[in-house]
Amino acid sequence: MSQETPCIVVCMIDPKSGLCFGCGRTLPEIARWEQLESAEQRALMAQLPARMADAGLAPMTKPA
């Protein structure tokens, strides 16, 4: 299993879209992340920038 994650430690869910402000995942996606195969994780990660843009959420960066 991959150790890749889109998490940037900004864990707050947008009530309108249901997406995390930090990574763009939904709560169910976050909860099952470790059970996903590496290919599934990478495929989901590839969707996140467009998903956040469609929801009107600006990309954030990991806090220093």
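Helices are DSSP runs of H or I with at least four residues, numbered from the N terminus. The model is predicted, so local features need pLDDT of at least 70 and side-chain atom pairs count only at pLDDT 80 or more, whereas totals for chains, interfaces and linings use all residues. Residues are numbered from 1 along each chain as its sequence is written, and side-chain values use heavy atoms, with hydrogens and water left out.

Helix α1 covers residues 27-32, and Leu27 lies in it. Leu27 is exposed (over 50% relative accessible area; buried is under 20% and partly exposed is in between, with a 1.4 Å probe and protein chains only), at a relative accessible area of 54%. Together with Ile13 and Ile30, Leu27 makes a nonpolar surface patch of about 230 Å². Areas come from the Shrake-Rupley method.

Helix α1 also holds Glu29, which is buried, with a relative accessible area of 11%. Leaving aside residues up to four places away in sequence, Glu29 touches Leu44 and Arg51 (contact means heavy atoms within 4.5 Å).

Turning to the cysteines, the structure holds zero disulfides, a disulfide being a pair of cysteine sulfur atoms within 2.5 Å. The sulfur of Cys11 is 4.3 Å from that of Cys7, its closest cysteine sulfur, and is therefore too far for a bond. Cys7 is partly exposed at 28% relative accessible area, while Cys11 is exposed at 61%.

Definitions and conventions
Patch = residues over 30% accessible without salt bridge, like charges linked within 9 Å, V, L, I, M, F, W, Y side chains within 5 Å. Areas by Shrake-Rupley, 256 points an atom, 1.4 Å probe, with all protein chains shown as cover. Salt bridge = Lys/Arg side-chain N within 4 Å of Asp/Glu carboxyl O. Helix = DSSP H or I, 4+ residues; strand = E, 2+ residues; numbered from the N terminus.
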